[in-house]
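Here is a short briefing to read alongside the sequence and the 3D view. Have both open, and follow the topics in order.

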Amino acid sequence: MRASGLPERALQATAVWLVSGRRESDHTRAAYVRDVGWWVAWCAAVGVDAAEPPTSAADLYMAELAASGLARATIGRRVAAVSSWYTYLVREQGAATNPFDGAERPRLDTAASATRALSREQMTAVLAHAAEHETARTQALLWLMFATAGRIGSLLSARIEDLGQDRGHQVIDLTVKGGTIKRFAVPPAALAAIEHYLNERGHPETGPLFVTRTSRALGQPYAWKLVNRVARATGITHTISPHSFRHTAITIALSDGRPLHVVQDFAGHADPRTTRRYDRARNSLDRSPAYQLAASVTPEST
């Protein structure tokens, strides 16, 4: 940002903006820096002063993002980040106006999700494979991803000190979306996997829960590669993501008849309509007439 020619007042305001509001976690701050960085780099490439951009620049930027083939959710996130940045800069007199204020942003499809969940049988196979063929770290991470339905950023930033007990429950405190702390129950199978992993590490009492061989915290790119490698080993051919474990846990909880408000609290959804999206997606496939339609026109074998 400094190389782009932003004035010192804007740079100082940006530093404060990054540690304020809901940008408390390192992962969240890094995401905001990336999203604002895309905009600043684009401004430099087309000769726009990022400190005093015209409103037309915001429209052109969104049009180019759309033309690049990015998902509408990704475009919406990038624009929201830059708009939030400018709102703060204007308040701190680091920029004259917010060019995205009032801009027509892409309409998001809130009823659909690109994440692909696994079936109960597929998840069972993944966890069984991890127990038999993978490292203790992999088994512990996969179990915790599924058992808590936690976001991967929260799990990878967890520390050993976050494990504990509450009224007889084994629990882990995770920093969740928005920078708040949420307490999750850790069921026996997940706890056993975690304890086995920590035993292999010599029973450390502090530090990151999941680390590399050089004791550095694991990164999200590693987690993406890991879940797909294990999934392929169990015969799953489509690409998944760490979020697939969260999606699967929520979907199975709903399939098992858990009340909507209970699953909402478990998932940490602020709005019950978000949880309902999982229910609608599940029902649209489970109750799809496609199977009966195909069977009605398929010749019987002789």
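Helices (DSSP H or I, at least four residues) and strands (DSSP E, at least two residues) are DSSP runs, numbered from the N terminus. By that rule, Ala294 belongs to helix α13, residues 290-297. This is a predicted model, in which local features need pLDDT of at least 70 and side-chain atom pairs count only at pLDDT 80 or more, while totals for chains, interfaces and linings use all residues. Residues are numbered from 1 along each chain as its sequence is written, and side-chain values use heavy atoms, with hydrogens and water left out.

**The chain as a whole**

- The protein chain holds 13 helices and 3 strands.
- Its C-alpha trace spans about 70 × 60 × 35 Å along the principal axes.
- Of its 302 residues, 40% count as buried; buried means under 20% relative accessible area, exposed means over 50%, and partly exposed is in between, using a 1.4 Å probe and protein chains only.
- The chain exposes about 17,200 Å², with carbon and sulfur atoms supplying 52% of it; accessible areas come from the Shrake-Rupley method with a 1.4 Å probe, and for residues only the protein chains shown count as cover.
- Contact means heavy atoms within 4.5 Å. Among contacts between residues at least 6 apart in sequence, 58% join residues at least 24 apart.

**Nonpolar cores**

- A nonpolar core is a set of buried Ala, Val, Leu, Ile, Met, Phe, Trp, Tyr and Cys residues joined through side-chain atoms within 4.5 Å.
- The largest one has 51 residues, and Leu142, Leu209 and Phe245 have the most contacts inside it.
- Elements giving two or more residues to this core include β2 (169-175), α8 (188-200) and α10 (242-255).
- Helix α6 gives the most to this core, with 9 residues.
- Another core lies apart from it and has 29 residues, among them Trp39, Trp42, Val82 and Leu89.

**Where α6 meets α9**

- The two helices α6 and α9 pack at an angle of about 95 degrees, with their axes 12 Å apart; axes are lines fitted to C-alpha atoms, for helices over the stretch in contact, and angles run from 0 to 180 degrees between N-to-C directions.
- That makes α6 roughly perpendicular to α9, since angles of 65 to 115 degrees count as roughly perpendicular.
- On the α6 side, Arg137, Thr138, Leu141, Leu142 and Met145 meet Tyr222, Leu226, Val227 and Val230 of α9.

**Two positive phi values**

- Most residues other than glycine have a negative phi.
- Gln93 has a positive phi of about 60 degrees although it is not a glycine. Gln93 sits in the loop between α4 (72-91) and α5 (120-133), and counts as exposed at 59% relative accessibility.
- Ala149 also has a positive phi, near 55 degrees. Ala149 is in the loop between α6 (136-148) and α7 (152-156), and is buried, with a relative accessible area of 0%.

**Two helix residues**

- Ala294 is partly exposed, with a relative accessible area of 39%. The C-alpha atoms of Ala294 and Ile236 are 24 Å apart, and the two residues are 58 residues apart along the chain.
- Gln264 lies in helix α11 and is buried, with a relative accessible area of 14%. Leaving aside neighbours within four places in sequence, Gln264 contacts His269, Ala270, Asp271, Pro272 and Thr275.

Note on methods: Parallel < 35°, antiparallel > 145°, perpendicular 65-115°, else oblique.
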